[in-house]
Amino acid sequence: MKALQRFTATAAVGLLALLGAGHQASAQIKVGAVLSVSGPASFLGDPEKKTLEIYVAEINAKGGVNGQKLQLVIYDDAGSADNARTFATRLVEEDKIVAMVGGSTTGATLAMIPVFEDAKIPFISLAGAIQIVEPVRKWVFKTPHTDKMACEKIFGDLKSRKLTTIALISGTDAFGKSMRDQCVAVAPKAGINIAVEESYGPRDSDMTPQLTNIRNKPGVQAVVNPGFGQGPAIVTRNYRQLGMTQPLYQSHGVASKQFIDLAGPAAEGVRLPAAALLIAEKLPSSDPQKSVVVNYSRTYQQKSGQAVSTFGGHAYDGLMILVEAMKRAKSADKAKVRDEIERTKGYVGTGGIVNMSPTDHMGLDLSAFRMLEIKGGDWTLVPGT
Amino acid sequence: MRLLPAIAIAAILVILPYFFPSAYYYRIGALVFIFALAVVGLNLLMGFAGQVSLGHAGFLGIGAYSVVIGPVYFGLPSWLSLFAGAALSGVIAFLVGRPILRLKGHYLAVATLGFGLLVAIVLTNEAGWTGGPDGLSVPRLTLFGWQVRGSNAWYWITGATLVAGFVLALNLMSSPTGRALQAIHDSEIAALVLGVDVARKKLTVFTISAVYASVAGSYLALFNGHVTPDVAGFLRSIELVAMVVLGGMGSIVGSLVGAAVLVVLPQALTIFHEYEQAMLGLIVMVFMIFLRRGIVPSLAAAFAGWRK
Amino acid sequence: MAELLQFISSGLTVGAIYALVALGFTLIYKASDIINFAQGEFVMLGGMTTVFMALAGVPLPFAALIAVVATTAVGLALHRFAVEPARGASPVALIMITIGASIFLRGVAQIVFDRRFHSLPPLFAAEPIQFGGAAILPQSLVVLGSATVIVVLLWLFIDRTLLGKAVLATAANRLAARLIGIDTRRIVDFSFAVSAAIGAVAGILITPIALTSYDAGTLLALKGFAAAMLGGIGSAAGAVVGGLLIGMFEAFAAGYLSSNYKDAVAFLIILVVLIVIPQGLFGRAKIERV
């Protein structure tokens, strides 16, 4: 009997909660975000969430957009594309958003695209794979650099150092796999020969067998590690543990100073392609991105207490591009805003300078990536890149 | 009389949409039915036959990917791929079940866990077939020339299939096989002594539960329009087991209740923002402590006690 | 030859980690027949609490001590508030409670701590030890050593102390144990507390190698559970052997076969072993009563 009473009480609370969730505010511009805040992709989603919250609050404090405040509706898909799809439907049907900035992972983004295309709502994705904007879909845009660009940047640097035979060691997660596929596709044209490939699970704790196989392969001049999260830090540590001396390249998935802290002295000499955001303070004052990245960097660090991450930067760019488009369109009408997003030209963001067009829904080119090297426990810009 | 639960569910199914303000609710309903279908199958295995499976999402994954691979690589229509997937799951269950079902208790749990993980790993790695970790888009289901779109349509399709699944399960349970399974659950040795072919019965129910899960997985893929390897993942398997246990092991109706709770709860808990995972864990614990036989059996017992 | 040694070194490193986690399952199972799926979270709490205490300025040894004490308290609370009230429920219901607890602890951890990765400094030097062309981290040997020490301590405890015998009695037949005056609730309390402590120590020792984060517990619990079953649940030595074997399988599969499928190979081998030896390597065949 007691069990029944307790159960009824719990159910009643639950029901009330569910009904209460339907309560909506009015006269605000609703922007939706489905992010992988928890789960295997929280490395991406957590800084994205913090960034969106910080900047929506800032924009609202300054009066909002076109005189209206922004209301941010964030859902956590916990890294599951299925959940993302459900939340996307919820945003469209229940919360009635006018625009979406989100989709931390490619899988979640691809799962959500049909929902937003059907509902004719502009969707700025925060995921990396090139399939999101190739083929171009009318309502879908993205802010992060593609993994194809990362490969091209790395290969370009390898060529300039006269290194043409490499090994790949990639994470089996979506980020690592997608970038690995792009690198394999781009290698022949770039004149790079991939001699051997290994992989590791994103939560593995020791990659020395794979690195040993790489070390034993004759002729390998450099090693490239597509991956994100903790894996690259462990790969880097293991690399030095085994005494390997060939140049090691990480990917843009490494994304923040925390990588250097985790990898420790092993990170010395590692190179990777990254947005200017990581070296904000070190940029020459003539650099067009300097003020934007320094501003974002300081705000994020101050308000969140954590080191800045390029993934958070992508969210910042997504939000700002949306807001600028709304201002130019002078309304929150979905079709008008979409048109204005497509007309984004010369937007200076954390990822680079964005120039979109009807055939390019990302707007970045290779110059948006800088080649960084880790020296003395900090990022430095490789000259001439 | 024995089909009363199925009739009641069918009635609820038909009445419920009158309360739906938007397509979002149809989607939630369809998802509940899809998972309930898989859970009914798993309940037959866990609740009636008393065998634990921590890798059942593997069959979910086989069903889900069969409706992509069939159309994309073999040009088969989606509905045919669904059947092919179910058949494949059945065959795999039969082959894998024979050696594995000799294990008992926690050892069976680990073995099924391993199976589920193996399926997930293959799905992740064989990117040539499966699209790898980012998954593939699923071509939409076409029935009699009409493309099935929208949560409304799927609500009815999944609901109807669930009722059919219910009827099948209820019939199975009151058949000699069902009684044999209950005997096995109560005591395997006693059942053996009575002449029950324990190994064969366990294999039968394992295969049936795999087919249920496969159909559910196919529906999930067709409904979502996109499939990723974590449909077969470890967390999914745990979710299915939680639905069985929460709803009530051995209760067919409980399968629907368990599925409903674990699909609706994460949606309802979003109001807690940062705390949603903690709240989910707390609610699961509370349910299991106070309604330890599962929601439906505990409520039924309380109701019976109250009537006295 | 050098590469074989390196694979062995990797296998030992990873295997020792699994072994330490697997040990945590043993005592609770021995005392109460429950598989505690929150064991991974105990490991996570040990590591993360130490990291955050250290970040707050507490000297490392004290941070570690606080972490162990705090985690032990969590383990005790888990038993008292979640498992004990459901005493008499079916094994599956109890397992579901521990799963609920692990979700709860993960949910709380992401708020109390954060969602990033963290590391700890190793106990001794960070320089790898070179042997025969291979390199092993000193910390790996520390993990291996602690696993051995814990096995020995557990064995001494179960075999040589009265309390240990009481644990065995509680597991064998709870009612009979109570009838002869054993406070079975205290015994299970104790087993949860000690398992939590073992988990916390594991977390602190593992983090310098494998890093840690709020959700590090899930995969560790998975592998630890598989290791404990492979070795035969209830056997501490079995847990360690199981863990080391899985680590070896993974390392050798990664080195000689395919790094993509190393986890699959490991699990396949576990499946085969269990089919041939249904009670695990060192497990006692369960006597079923009709």
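Ala93(C) sits in helix H4 of chain C, which covers residues 91–112; helices here are DSSP runs of type H or I with at least four residues, strands are E runs of at least two, and both are numbered from the N terminus. The model is a predicted one, in which local features need pLDDT of at least 70 and side-chain atom pairs count only at pLDDT 80 or more, while totals for chains, interfaces and linings use all residues. Residues are numbered from 1 along each chain as its sequence is written, and chains are lettered from A and ligands numbered from 1 in the order in which they are written.

Is Ala93(C) buried or exposed? Ala93(C) counts as buried because it has 20 C-beta neighbours inside 10 Å. The term buried asks for 20 or more other C-beta atoms within 10 Å of the residue's own, exposed for 12 or fewer, and partly exposed covers what lies in between, with C-beta atoms placed from the backbone. Leaving aside residues up to four places away in sequence, Ala93(C) touches Ala86(C) in its own chain and Val245(B), Met288(B) and Arg292(B) in chain B. A contact here means that the C-beta atoms of two residues, placed from the backbone, lie within 7 Å. Val83(C) is 10 residues from Ala93(C) along the chain, and the C-alpha atoms of the two are separated by 9.7 Å.

Chain B brings 35 residues to the contact and chain C brings 40 residues. On the side of chain B that touches chain C, the elements giving two or more residues are helices H5 (105–125), H9 (188–193), H11 (234–247) and H13 (276–290) of chain B. H5(B) gives the most to this side, with 10 residues. By class, this side of chain B has 25 nonpolar, 6 polar and 4 charged residues; Ala, Val, Leu, Ile, Met, Phe, Trp, Tyr, Cys and Pro count as nonpolar, Asp, Glu, Lys and Arg as charged, and the others, Gly among them, as polar.

Chain C as a whole has 11 helices and 2 strands, running α-α-α-α-β-β-α-α-α-α-α-α-α from the N terminus on. Its radius of gyration is 19 Å, close to the 19 Å that the globule rule gives for 290 residues, so chain C is as compact as a globular protein of that length. The radius is taken over C-alpha atoms, and the rule is 2.2 Å times the number of residues to the power 0.38. Of the 290 residues of chain C, 60% count as buried.

Chain A, in turn, holds 12 helices and 14 strands. Along the principal axes, its C-alpha trace spans about 65 × 60 × 40 Å, and 58% of its 385 residues count as buried.

One strand of chain A can be followed in detail. E13(A) and E14(A) form a hairpin with 2 residues between them, and Gly376(A) in the turn has a positive phi of about 60°.

Methods
Pairing = 2+ DSSP bridges.
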